[in-house]
Amino acid sequence: MDLKINNKNALVCGSTQGIGRATAMALAAEGVNVTLVARNRDKLKAVLEELPKHRNHSYIVADFSKPRELQEQIIKFIEKNHGFHIVINNTGGPRSGNILTASLEEFDNAFTMHLKCNHVLAQATIPFMKTEGFGRIVNIISTSVKEPIPGLGVSNTVRGAVGNWSKTLATEVGPFGITVNNVLPGFTETVRLTEIINIKANASKTSIEEMTEIMKNYAPAKRFAKPEETANVITFLASEAASYVNGINVPVDGGRTKSL
């Protein structure tokens with residue numbers, strides 16, 4: 001299938017590891033000019049070196065705990081370089097823990113990094129999308145949008161807020177050829193999953209190996225996802241081929257989520 005995104009420009013957040021990195025690679029393989037975004041300059045440079053050399057790839061060092069500064073950096077980049085047809089919103093998940101013991105600061109931090117940053121990025125990039133008559137915003141969230149996950153109280157709360165923000169935005173920008181969709185990864189082989197396995201193993205006093213097998217068995221596929229499998233779905237949603245897919249949540253979880 002020709003995804004028809006050759007020479008489009010994409011902004012990929014959290015792109016130095018895991019699903020974000022895999023998405024940057026998948027988009028670049030389709031001929032997209034990728035701009036990586038993360039906090040660590042050295043890691044950004046390392047990923048940049050892995051992208052195809054015949055394209056106009058770049059990176060932006062940004063801290064998602066400071067949404068105003070993030071927005072200013074993106075606007076400056078657009079003014080000096082180019083706008084973005086595709087935005088992939090992705091950042092690390094909030095700290096694990098029960099919701100009753102969560103501090104107000106944890107909620108503030110998670111809301112800032114996930115919802116506020118998504119919002120300022122949309123405000124900075126959508127004007128160009130409108131002029132192009134083409135735009136794709138894909139938010140990498142969590143299956144907790146559909147079913148809250150035990151032990152992830154703050155994450156469950158904020159992910160739901162992002163899901164509703166996304167659906168609202170999708171209805172507003174749809175007339176301009178812009179789509180806004182959410183990808184909900186299940187258990188994926190990332191640093192985040194390793195952290196969750198360790199926490200669950202310690203809490204239940206089981207070995208990491210035992211907890212890994214228990215969690216694999218939650219999904220009918222009986223395994224964890226590779227980051228590349230999720231990246232393939234994101235790349236499709238970012239393409240011309242998905243032009244009539246808008247405002248939806250797409251679980252990529254091997255069938256783990258029980259709700260429709």
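Helix α4 covers residues 104-132, 29 residues in total. From first C-alpha to last it reaches 41 Å, close to the 42 Å expected at 1.5 Å a residue. The expected span is 1.5 Å times one less than the number of residues in the helix. Helices (H or I, at least four residues) and strands (E, at least two) are DSSP runs, numbered from the N terminus.

This is a predicted model, in which local features need pLDDT of at least 70 and side-chain atom pairs count only at pLDDT 80 or more, while totals for chains, interfaces and linings use all residues. Residues are numbered from 1 along each chain as its sequence is written, and side-chain values use heavy atoms, with hydrogens and water left out.

α4 has a kink of about 40° at Thr125, shortly before the proline Pro127. The bend at a residue is the angle between two fitted axes, one for the seven residues ending there and one for the seven starting there. Gly133 follows α4. Its phi is positive, near 70°.

A search of the whole structure finds 1 cavity of 30 Å³ or more. A cavity is a set of points, on a 1 Å grid over the protein atoms alone, where a 1.4 Å probe fits but cannot get out; a pocket is an open set with protein on both sides within 12 Å along at least five of seven lines; lining residues have an atom within 4 Å of a point. Grid points are joined across faces, edges and corners, and a volume is the space filled by probe spheres set on the points.

The lining of the largest cavity includes Asn89, Met113, His114, Asn139 and Arg159. The elements giving two or more residues to this lining are α4, β5 (135-140) and α5. α4 gives the most, with 3 residues.

**Pockets**

The largest pocket holds about 1000 Å³ of space. It is lined by 39 residues. Nearest its centre lie Gln17, Thr91, Gly92, Gly93 and Arg192. Thr91 also lines the largest cavity. The elements that give two or more residues to the pocket lining are α1, β2 (33-38), α5 (153-173) and α6. The largest share, 5 residues, comes from α6.

The second largest pocket has a volume of about 190 Å³. Among its lining residues are Thr143, Glu147, Phe187, Lys200, Tyr218 and Arg256.

The table sets out the linings by residue class. Ala, Val, Leu, Ile, Met, Phe, Trp, Tyr, Cys and Pro count as nonpolar; Asp, Glu, Lys and Arg count as charged; the others, Gly among them, count as polar.

| Space | Volume | Lining residues by class |
|---|---|---|
| Largest pocket | about 1000 Å³ | 15 nonpolar, 17 polar, 7 charged |
| Second largest pocket | about 190 Å³ | 5 nonpolar, 2 polar, 4 charged |

**Salt bridges**

Side chains of opposite charge can pair when their charged atoms come close. A salt bridge is a side-chain nitrogen of Lys or Arg within 4 Å of a carboxyl oxygen of Asp or Glu. The whole structure has 5 salt bridges.

One of them joins Arg21 and Glu50, with the closest N and O atoms 2.4 Å apart. Arg21 lies in helix α1 (residues 18-29) and Glu50 in helix α2 (residues 41-50), so the pair ties together parts 29 residues apart in sequence. Arg21 is partly exposed at 25% relative accessible area, and Glu50 is partly exposed at 46%. Buried means under 20% relative accessible area, exposed over 50%, and partly exposed in between (1.4 Å probe, protein chains only).

Another salt bridge pairs Glu189 with Lys226, at 3.2 Å from N to O. Glu189 sits in the loop between β6 (178-185) and α6 (191-204), and Lys226 in the loop between α7 (208-216) and α8 (227-237), so the pair ties together parts 37 residues apart in sequence. Glu189 is partly exposed at 38% relative accessibility. Lys226 is partly exposed at 41%.

Arg223 and Glu229 also meet in a salt bridge, 2.8 Å from N to O. Arg223 is partly exposed at 42% relative accessibility, and Glu229 is partly exposed at 30%.

**Leu27**

Leu27 lies in helix α1. Leu27 is buried, with a relative accessible area of 0%. Its C-alpha atom is separated by 27 Å from that of Arg68, 41 residues apart along the chain.
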